[in-house]
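Hi,

Here is the structure I said I'd pass on. Have a look, and then read on for what turned up in it.

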Amino acid sequence: MAILEVKDLEVYYGVIQAIKGISFEVNQGEIIALIGANGAGKTTTLQTVTGLIPAKAGKIIYEGRDITKIPSHKLVSMGIAHVPEGRRVFAQLSVLQNLRLGAYTRKDKKEVEETLLSIYRRFPRLEERKNQLAGTLSGGEQQMLAMGRALMSHPKLIVMDEPSMGLSPIYVNEIFDIIKEINDSGTTVLLVEQNAKKALAIAHKAYVLETGTIVLSGDAAKLMNDDSVKKAYLSE
């Protein structure tokens with residue numbers, strides 16, 4: 001069953017059309033990867049889904065409800081969380097303060113504390129550094145914090161934009177292991193990732209974007225063996 005359906009989506013920046021009528025769906029419990037070169041429209045797609053950029057045409061359906069015109073802050077309480085490109089942690093706040101901000105829409109304090117403990121179990125380094133300023137963390141630790149902050153809202157769907165960007169290989173492997181764990185625990189994941197090989201390795205399905213258009217889609221394992229995908233995105 002689709003938790004998210006994007007139908008004939010069009011997005012413009014002024015007179016420039018960035019997204020050209022794309023359609024895709026994300027089924028409950030899946031990891032869906034959007035891959036493509038820089039400028040293909042991947043980040044724009046995510047930002048439109050999460051209400052940060054308005055759609056010019058088309059519909060975004062979440063759990064059967066049209067959310068195309070719903071502002072992003074309201075989508076959080078509906079169960080959608082966004083881990084933005086570049087992490088965007090609050091550098092002058094502590095790790096713990098950043099995490100608590102992720103739960104700002106939740107009213108049950110006991111449940112929030114339980115979620116916080118579960119975040120610490122998943123990211124032990126965040127507990128070790130809970131009183132440290134977020135801006136002093138390494139890139140990998142900041143990425144974990146951005147993911148932990150999103151999980152504090154207890155999302156049904158988590159949208160992740162370039163989670164491995166700028167990280168050392170050790171952290172890249174760790175981040176992808178964590179994404180898989182998040183999905184295994186029941187959260188649906190929509191993933192934009194420059195590292196196509198890593199993304200396809202954990203995704204169920206994938207869509208290939210080129211200049212605002214979906215040019216290929218299908219089972220992630222099959223796409224990994226597709227010659228055109230190999231040549232364009234998987235060559236070392």
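Two strands count as paired here if DSSP finds at least two bridges between them. Bear in mind that this is a predicted model.

On that basis, 6 strands make up an open sheet with mixed pairing, in the order E6-E7-E8-E3-E9-E10. E6 and E10 (213–219) sit at the edges with a single partner strand each, so one side of each has no neighbour in the sheet. On average, neighbouring strands are turned by 15 degrees against each other, ignoring direction.

Within the sheet, E7 (157–161) and E8 (188–192) run parallel and are joined by 5 bridges. Valine 159 is opposite leucine 190 in E8. Two helices to look at on this sheet: H7 (169–184) packs on it, touching E3 (31–35), E7 and E8, with its direction at about 150 degrees to that of E8. H10 (227–234) also packs on the sheet, touching E3, E9 (205–210) and E10, and its direction makes about 65 degrees with that of E9.

Now the pockets. The largest holds about 610 Å³ of space and has 23 lining residues, with Val76, Ala81, His82, Pro84 and Arg149 nearest its centre. H2 gives the largest share, 4 residues. The lining splits into 11 nonpolar, 8 polar and 4 charged residues.

The second largest pocket has a volume of about 260 Å³. Its lining has 4 nonpolar, 8 polar and 2 charged residues, and H4 (109–122) supplies the largest share, 4 residues.

Cheers

Terms used: Residues are numbered from 1 along each chain as its sequence is written. This is a predicted model: local features need pLDDT of at least 70, side-chain atom pairs count only at pLDDT 80 or more; totals for chains, interfaces and linings use all residues. Side-chain values use heavy atoms; hydrogens and water are left out. On a 1 Å grid over the protein atoms alone, a cavity is a set of points where a 1.4 Å probe fits but cannot get out, and a pocket is an open set with protein on both sides within 12 Å along at least five of seven lines; lining residues have an atom within 4 Å of a point. Grid points are joined across faces, edges and corners, and a volume is the space filled by probe spheres set on the points. Ala, Val, Leu, Ile, Met, Phe, Trp, Tyr, Cys and Pro count as nonpolar, Asp, Glu, Lys and Arg as charged, and the others, Gly among them, as polar. Axes are lines fitted to C-alpha atoms, for helices over the stretch in contact, and angles run from 0 to 180 degrees between N-to-C directions. Contact means heavy atoms within 4.5 Å.
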